[in-house]
Number of protein chains: 2
Amino acid sequence: MPTDQLSLTFSALADPTRRAILTRLAEGEATVGELAAPLPITLPAVSRHLKVLERAGLIVRGRDAQWRPTRMQAEPLDEAVAWMQARRRTWEGRMDRLDAHLRSKGDRDDRDR
Amino acid sequence: MPTDQLSLTFSALADPTRRAILTRLAEGEATVGELAAPLPITLPAVSRHLKVLERAGLIVRGRDAQWRPTRMQAEPLDEAVAWMQARRRTWEGRMDRLDAHLRSKGDRDDRDR
DNA sequence: GTGCTATTTAACCGTTTGGCTAATTAACCG
DNA sequence: CGGTTAATTAGCCAAACGGTTAAATAGCAC
């Protein structure tokens, strides 16, 4: 049961519809109906996608009469980017060291395993 | 059916076990058994996680006798980071413009909050 | 109150996911 | 060849996912 923040963020972003919603919300706040309009799915489906995004902290929702204005939040994106870049840096660092090692000498003693 | 690359990448990263595997692989290549050792799941389960990561392009796998050495690949991470940062920048840009707008006038009408 | 609009919840359904055990394949070794 | 190790595939199962339609809720407006 992935309750941790990164799992929530990544699985929220794993769905193309939810990414489309986020892309729209990055431009500015919108109501559920406005978000649903361009999408090929029903309103209840959109409503549940929004709940997933909300649980991941990627959106916050207000109340304006019978409308639910929704705004994007960037913090979870930052955390996810940080996780990816940490792995990328470790990986790149290792690549660099390997590269340096290969370049360093005629090395027959490649014992890096 | 999310066949697109971003969906593959994000859903691969949505699982904590797969993230743990990637974290390990960022340090350097490893066999299936080595990857499975610290994990609380069976070898077949690890094998299928690796298949998911491979399909997402996050790992590549070789063959060394009966071992399957696995290496991480960073490209899908880059693409995912790029997607997130694009949204973040749009969002931030809009924040900035809103901020500027609010700051521009003497705005006694700070009705935000 | 009634009625209208916006949104959510309930109930259902087929597919996917992630785990398991048992069986199978791949490749070595003696 | 037979035996051993590494890894995958097959079959099963329960839970989660993503969609639907129909019903319920929230809030205005008359």
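**A predicted protein–DNA model: loops, helices and contacts**

Colleague: In which loop is the place of A65(A)?
Modeller: Secondary-structure elements are DSSP runs numbered from the N terminus, with helices (H or I) of at least four residues and strands (E) of at least two. On that basis A65(A) sits in the loop between β1 (59–61) and β2 (70–72) of chain A.

Colleague: What kind of model is this, and which pLDDT must side-chain atom pairs have to count?
Modeller: Residues are numbered from 1 along each chain as its sequence is written, chains are lettered from A and ligands numbered from 1 in the order written, and side-chain values use heavy atoms, leaving out hydrogens and water. The model is predicted: totals for chains, interfaces and linings use all residues, local features need pLDDT of at least 70, and side-chain atom pairs count only at pLDDT 80 or more.

Colleague: Is phi of A65(A) positive or negative, and what is its value?
Modeller: Most residues other than glycine have a negative phi. A65(A) is not a glycine, yet its phi is positive, at about 55 degrees.

Colleague: Which residues come nearest to DNA strand C?
Modeller: A residue is near the strand if one of its heavy atoms lies within 4 Å of it. There are 22 residues around DNA strand C, and those that come nearest are K51(A), R61(A), T42(B), R48(B) and H49(B).

Colleague: How far is a polar side-chain atom of R48(B) from a base nitrogen of DNA strand C?
Modeller: A polar contact is a pair of N or O atoms within 3.5 Å; within protein, one must be able to donate a hydrogen and the other to accept it, and residues adjacent in sequence count only if both atoms are side-chain atoms. For the side chain of R48(B) and the base nitrogen, the distance is 2.5 Å.

Colleague: How are α2(A) and α4(A) oriented to each other?
Modeller: Axes are lines fitted to C-alpha atoms, for helices over the stretch in contact, and angles run from 0 to 180 degrees between N-to-C directions. The axes of α2 (residues 16–26) of chain A and α4(A) come within 10 Å and cross at roughly 75 degrees. Angles under 35 degrees count as roughly parallel, over 145 as roughly antiparallel, 65 to 115 as roughly perpendicular and the rest as oblique. The two helices, α2(A) and α4(A), are therefore roughly perpendicular.

Colleague: What type of pair do the rings of F10(A) and W83(A) form?
Modeller: Rings of Phe, Tyr and Trp (its six-membered ring) pair if their centres lie within 6.5 Å; planes under 30 degrees apart count as stacked, over 60 as edge-to-face and the rest as tilted. For F10(A) and W83(A) the centres are 6.1 Å apart and the planes at 75 degrees, so the pair is edge-to-face.
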